[in-house]
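Me: I have a structure open and want to go through a few spots in it. Can you help me read it?

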Amino acid sequence: MKSVSSLSLTIVLSLAACNAGSAPPQAAEPAIEAHVQDVDPAAEKPADRTVDIPVLQVKTLDGADYALASHRGKWVVVNFWATWCAPCLKEMPDLSALDKDNDHVEVIGLAYEEIEPEDLKAFLAERPVVYPIAILDVYNPPADFATPRGLPLTYLIAPDGKVAKQFLGPVTGKEIEAAIAAAGGPAAKA
């Protein structure tokens, strides 16, 4: 047994000696110095997290003020979307029907793109919806919602103001109605 251990040790040392004179190519290059900035975690919201009861105050495309808090008592669908996003465009008619056909549900569309109001109005003239639309500043999105990493991104807000569910990717009215029912709201219409 001792000879096997000695032989193993000899092989390992021999291999190490073979590589002793050769350093990896990157070792010859100067080291890159990392710069770390101190960040106060209490002062910043993680980009991938939404607060439990988000605040949203925006000016809609028609000039009205929209405050999420003033819609308590209803289920609110907060939909981040863009005119260039094909899945977003596909879900718009369904979200519009959901808003129109359900007294307990409201939808707000948040255009998450750099677009002029006149251009968005022209776009919506060809693809009308019944719910209000607001243009967001992509460099300063609503602080209480996670920064969208993909579109569409939809939040279902319960009547008490809490986030009931988040959907990344396209969502249907039926899926939202099912999420409302699962969260204790009215059952979907048959």
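**A buried leucine**

Reply: This is a predicted model. Leu-153 has 3% relative accessibility, so Leu-153 counts as buried.

Me: Which strand is Leu-153 in?

Reply: Leu-153 belongs to strand E6, which covers residues 153-157.

Me: And what does Leu-153 touch?

Reply: Leaving aside residues up to four places away in sequence, the contacts of Leu-153 include Val-78, Asn-79, Phe-80 and Phe-167. Gly-169 is 16 residues from Leu-153 in sequence, with the C-alpha atoms 6.0 Å apart.

Me: New topic. Which residues of helix H3 are buried?

Reply: In H3, residues 117-126, the buried ones are Leu-120, Phe-123 and Leu-124. They lie on the same side of H3, because they cover an arc of only 95° around the axis.

Me: Why would residues a few places apart point the same way?

Reply: An α-helix has 3.6 residues a turn, so residues three or four places apart point the same way.

Me: What is exposed on the other side of H3?

Reply: Glu-118, Ala-125 and Glu-126 are exposed there.

Me: Last one. Which residues does the disulfide join?

Reply: Cys-85 is joined to Cys-88, with an S to S distance of 2.3 Å. The count is 1 disulfide.

Me: Are those two cysteines, Cys-85 and Cys-88, buried or exposed?

Reply: Both Cys-85 and Cys-88 are buried.

Me: What about the torsion of the S-S bond?

Reply: The torsion about the S-S bond of Cys-85 and Cys-88 is about 80°, so this disulfide is right-handed.

Terms used: Residues numbered from 1 in each chain as written. Predicted model: local features only at pLDDT ≥ 70, side-chain atom pairs only at ≥ 80, totals over all residues. Heavy atoms only, no water. Helix = DSSP H or I, 4+ residues; strand = E, 2+ residues; numbered from the N terminus. Buried < 20%, exposed > 50% of the residue type's maximum accessible area, 1.4 Å probe, protein only. Contact = heavy atoms within 4.5 Å. Arc of directions from axis to C-beta. Disulfide = S-S within 2.5 Å.
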